[in-house]
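Subject: Structure handover

Hello,

Here is the structure I promised to pass on. Please look it over first; my notes follow below.

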Amino acid sequence: MSSREVSLESTIGGISVEGQLHTLSVWFILALRLMMGLAFLQAGTGKLLGGEFSAAGYLANAPAANGSPFADLFVAMSQTGLFMDFVNVAVPWGQVLIGLGLLVGCLTRLAAFWGAFMMVLFYFGNWDVAHGYINGDFAYMLVFLSVAAFGAGRILGLDAYIERYDVGGKPLVERYSWMRYFLG
């Protein structure tokens, strides 16, 4: 077994950070991707197979009951029929598609972005700061963002093959650099 450290460096807004990443970390990045993929696939299939799914009761009651700062917005969403029709399809199918995307490592960054977006909504919907502002929903959001940042779909995933797909003599992501935002 070979292992070494890889140097990382990033600058955002004029602030630079750097560090060393052990090559064994790739296994933990893969584990995070698979864990979140399985969790979302199970959540989505549970909603799809468990009978008719409706988020209306949750949106109308849970955020207000737990003191969410966006409770009024959640209640307004629950009272908008067309929006509820969308949510009642988007949540379970979104969870299934996010889960499948992560499990097979296909369109991983896109899947992780939507997973993080859903977790932000769940964070404010399940608002509970009795033990601080960090809860499971917030932690899952950070896991999704980490999966995206690490390009986890390239680790035993389809994104590694899709990125190298030949389009006019060039790999896909070289010909269409914007695809890097969805793959990886």
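Is Arg154 buried, partly exposed or exposed? Arg154 is partly exposed, with a relative accessible area of 35%. Here buried means under 20% relative accessible area, exposed means over 50%, and partly exposed lies in between (1.4 Å probe, protein chains only).

Before the rest, some ground rules. This is a predicted model, in which local features need pLDDT of at least 70, side-chain atom pairs count only at pLDDT 80 or more, and totals for chains, interfaces and linings use all residues. Residues are numbered from 1 along each chain as its sequence is written, and side-chain values use heavy atoms, with hydrogens and water left out.

**Charges**

Arg154 forms a salt bridge with Glu163. Their closest N and O atoms are 2.8 Å apart. A salt bridge is a side-chain nitrogen of Lys or Arg within 4 Å of a carboxyl oxygen of Asp or Glu. By this rule the count is one salt bridge. Glu163 is buried, at 8% relative accessibility.

Asp159 is buried too, yet has no salt bridge. The nearest side chain of opposite charge is Arg154, 7.0 Å away. (Lys and Arg count as positive, Asp and Glu as negative; His and the chain ends are not counted.) Asp159 sits in helix 7, residues 158-164. Leaving out residues up to four places away in sequence, Asp159 touches Gly105, Cys106, Leu107, Thr108, Gly153, Arg154, Leu183 and Gly184. Contact means heavy atoms within 4.5 Å.

**Overall build**

The protein has eight helices and four strands. These are DSSP runs, numbered from the N terminus: helices are H or I with at least four residues, strands E with at least two. From the N terminus, the order is β-β-α-α-α-α-α-α-α-β-β-α. The C-alpha trace spans about 50 × 40 × 35 Å along its principal axes. Of the 184 residues, 33% are buried.

**Core**

The largest nonpolar core has 25 residues. Such a core is a set of buried Ala, Val, Leu, Ile, Met, Phe, Trp, Tyr and Cys residues joined through side-chain atoms within 4.5 Å. Phe40, Leu59, Ile98, Leu102, Phe144 and Val147 have the most contacts inside it. Helix 1 (25-49), helix 3 (71-78), helix 4 (81-104), helix 5 (108-125) and helix 6 (136-149) each give two or more residues to this core. Ile98 is in contact with Phe40, Ala111, Trp114, Gly115, Met118 and Phe144, leaving aside neighbours within four places in sequence.

Best wishes
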